[in-house]
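Q: I'd like to learn how to read a model like this one, feature by feature. Can we go through it together?

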Amino acid sequence: MNGTNPLPDLVLTRTCEIAQDRVENIVVELKRPSEVIGADELTQIAKYALAVMRDERFDKPNVSWDFWIIGNTLDEFAESRRNQTGLPFG
């Protein structure tokens, strides 16, 4: 990241019909097939999550956020984060 305010590649939102007051959001960061996902890329998606947490516009009840980073290859660090004991895979 070059110090500018980065924007995610994709943000999706939906209101659940079953629970009318429930809103689900997903933020997706897409990486080139040649780019290896490592600590810098995981930090990037974590910073998106932090920006949402700090923004009072998003401090609403019954709202959930998922943050995804999608690529072809993980380095050893990212692989270790994906396979943590006691947490779901991914």
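Q: How does Asn62 count by relative accessibility?
A: Buried means under 20% relative accessible area, exposed means over 50%, and partly exposed is in between (1.4 Å probe, protein chains only). Asn62 comes out at 43%, so Asn62 counts as partly exposed.

Q: Before we go on, what are we looking at, and how are the residues numbered?
A: This is a predicted model, where local features need pLDDT of at least 70 and side-chain atom pairs count only at pLDDT 80 or more, while totals for chains, interfaces and linings use all residues. Residues are numbered from 1 along each chain as its sequence is written, and side-chain values use heavy atoms, with hydrogens and water left out.

Q: Back to Asn62, then: what about its phi?
A: Most residues other than glycine have a negative phi. Asn62 has a positive one, near 60°, and sits in the loop between H1 and E4.

Q: How many helices and strands does the protein have?
A: Both are DSSP runs numbered from the N terminus: helices are H or I with at least four residues, strands are E with at least two. Here there are 2 helices and 5 strands, and along the sequence the pattern reads β-β-β-α-β-β-α. Of the 90 residues, 20% count as buried.

Q: What is the strand order in the open sheet?
A: Two strands pair if DSSP finds at least two bridges between them. The open sheet has 3 strands in the order E1-E2-E4, with mixed pairing. E1 and E4 are the edge strands, each pairing on one side only. On average, neighbouring strands are turned by 15° against each other, direction ignored.

Q: In which sense do E1 and E2 pair?
A: Antiparallel, over 6 bridges, with E2 covering residues 23-30. Follow the partners in E2: Val11 is bridged to Val27, and Leu12 to Ile26. E1 (residues 10-15) is hardly covered, mind you: the count of buried residues among its 6 residues is 0.

Q: Which residues of H1 are buried?
A: An α-helix has 3.6 residues a turn, so residues three or four places apart point the same way. In H1, the buried ones are Glu41, Gln44, Ile45, Tyr48, Ala49 and Val52. They cover an arc of only 135° around the axis, so they are on the same side of H1; the arc is that of the directions from the helix axis to the C-beta atoms.

Q: What covers the buried residues of H1?
A: Contact means heavy atoms within 4.5 Å. The cover includes E2, E3 (36-37) and E4 (63-70).

Q: Can you pick one of the buried residues and zoom in?
A: Take Ile45, which lies in H1 and is buried at a relative accessible area of 10%. Leaving out residues up to four places away in sequence, Ile45 touches Val27, Glu29, Phe67 and Trp68. Ile45 and Pro8 are 37 residues apart in sequence, yet 8.3 Å apart in space, C-alpha to C-alpha.

Q: How many aromatic pairs are there?
A: A pair of aromatic rings is described by the distance of the centres and the angle of the planes. Rings of Phe, Tyr and Trp (its six-membered ring) pair if their centres lie within 6.5 Å; planes under 30 degrees apart count as stacked, over 60 as edge-to-face and the rest as tilted. The count is 2 aromatic pairs. Phe58 and Trp65 are edge-to-face, at 5.2 Å centre to centre with 75° between the planes. Trp65 and Phe67 have centres 6.1 Å apart and planes at 15°, so that pair is stacked. Together, ring pairs link Phe58, Trp65 and Phe67 into a cluster.

Q: How accessible is each ring residue, Phe58 to begin with?
A: Phe58 is partly exposed at 33%. Trp65 is partly exposed at 23%, and Phe67 is partly exposed at 26%.

Notes. Axes fitted to C-alpha atoms, helices over the stretch in contact; angles between N-to-C directions.
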